[in-house]
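Here is a short briefing on one protein model. Keep the sequence and the 3D view open as you read.

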Amino acid sequence: MSRMSEKTFAEALEKDRAGFNAKLESLLPMAEDGPFTTLRGAMRYALLGGGKRVRGLILLQVGKIFELSESESLPYAAALEMIHASSLVHDDLPALDNDDFRRGQASCHKAFGEGQAILAGDALLNMAMELLIAECHKSEQASAASAYMAGAAGQKGMLGGQSLDLLAVGKEPESFSLEELTDLQKLKTGKLLQAAYVCPALRAGADKNIVHDLQDLAENSGLCFQIRDDLLDEEAGTAELGKTAGKDRRDSKITFVTVFGRKAAEQRLAELEETNVKILASLEGKGLHIDWLYGMQRWLSSRRN
């Protein structure tokens with residue numbers, strides 16, 4: 001089967017991103033003058049101020065594969081982006097990564113102050129949970145998808161991974177094994193990407209074997225995303241990245257590059273990509289139309305920001 005060229009996929013991705021951004025904005029409109037204007041402004045700044053929308057767009061596309069309607073997929077995609085935006089707001093704070101820039105503009109705490117940024121991150125996470133809870137009564141499948149996403153964000157998911165990442169700061173890189181670093185990143189980066197791939201399948205009541213394949217695909221995709229991030233931190237500039245470049249090494253962060261070196265990181269990225277191509281072929285053999293996901297896999301491994 002012929003695949004989309006990288007150019008065609010990039011054009012489709014940009015079109016999908018623009019449409020999704022409009023829908024996100026409609027869910028979080030400007031507040032009228034009143035006591036919550038500042039908080040709503042900080043929430044909008046964090047959620048709508050740029051971003052690749054990778055997680056939400058994957059979720060919407062997987063939803064299409066399982067013939068979910070947009071009204072069935074959109075609440076989950078929006079919730080996922082809100083969870084991710086919340087994590088970035090908090091991640092940029094001085095107590096964590098201490099970054100002044102995000103998505104090519106001042107970090108939320110630099111634009112609104114630390115207090116309002118903390119509240120905006122909390123409010124975005126809370127709004128995501130409101131969206132997920134509202135879906136639970138619709139069906140057992142909808143409830144399962146909501147529970148999966150909520151878990152992916154929590155102590156055994158993204159937040160747990162961030163805690164481990166924080167505890168690892170300053171430790172000697174040679175003290176970390178590939179397995180330990182992989183486990184950390186499977187939580188920190190991988191769990192939300194898993195939700196993007198798996199939640200639509202759960203919502204649609206997909207076969208358990210297909211859900212398992214999607215979990216494997218997502219886990220590898222999360223590692224691809226993170227390794228590429230680690231490489232870009234060394235290779236790209238601040239303007240290209242939209243955030244401060246070179247911070248991982250400066251702040252003694254444990255990454256695939258700082259622990260194993262650039263060449264080994266690139267090799268691991270290639271191995272993961274090869275594995276995912278095989279998983280995608282298996283899913284295609286089971287009758288799924290996954291051309292867009294092939295394009296996303298290429299993009300994950302070669303992106304420049």
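Buried means under 20% relative accessible area, exposed means over 50%, and partly exposed lies in between (1.4 Å probe, protein chains only). By that rule Cys-224 is buried, at 0%. This is a predicted model: local features need pLDDT of at least 70, side-chain atom pairs count only at pLDDT 80 or more, and totals for chains, interfaces and linings use all residues. Residues are numbered from 1 along each chain as its sequence is written, and side-chain values use heavy atoms, with hydrogens and water left out.

**Cysteines**
- A disulfide is counted when a pair of cysteine sulfur atoms lies within 2.5 Å.
- The structure holds 0 disulfides.
- The sulfur of Cys-136 has its closest cysteine sulfur in Cys-199, but the 11 Å between them is too far for a bond.
- Cys-136 is partly exposed, with a relative accessible area of 31%.

**Helix α9**
- Helices are DSSP runs (H or I, at least four residues), and strands are runs of E (at least two), numbered from the N terminus.
- Helix α9 covers residues 178–203 and has a kink of about 55°, centred on Gly-190.
- That bend is the angle between axes fitted to the seven residues ending at a residue and the seven starting there.
- Just after α9, Gly-205 takes a positive phi of about 70°.

**Nonpolar cores**
- A nonpolar core is a set of buried Ala, Val, Leu, Ile, Met, Phe, Trp, Tyr and Cys residues joined through side-chain atoms within 4.5 Å.
- The largest has 69 residues, and Ile-58, Met-149, Tyr-197, Trp-292 and Met-296 touch the most other members.
- Helix α4 (residues 70–91) gives the most to this core, with 10 residues.
- Leaving aside neighbours within four places in sequence, Tyr-197 has contacts (heavy atoms within 4.5 Å) that include Ile-58, Leu-214, Ser-221 and Met-296.
- Another core lies apart from the largest one, with 14 residues, among them Leu-181 and Phe-256.

**Salt bridges**
- A salt bridge is a side-chain nitrogen of Lys or Arg within 4 Å of a carboxyl oxygen of Asp or Glu.
- The count comes to 13 salt bridges.
- Arg-44 pairs with Glu-25, their closest N and O atoms being 2.9 Å apart.
- Arg-44 is in helix α2 (residues 37–48) and Glu-25 in helix α1 (residues 6–27), so the pair ties together parts 19 residues apart in sequence.
- Arg-44 is buried at 12%, whereas Glu-25 is partly exposed at 39%.
- Lys-186 pairs with Glu-219 at 3.2 Å between the closest N and O atoms.
- Lys-186 lies in α9 and Glu-219 in helix α10 (residues 208–235), so this pair ties together parts 33 residues apart in sequence.
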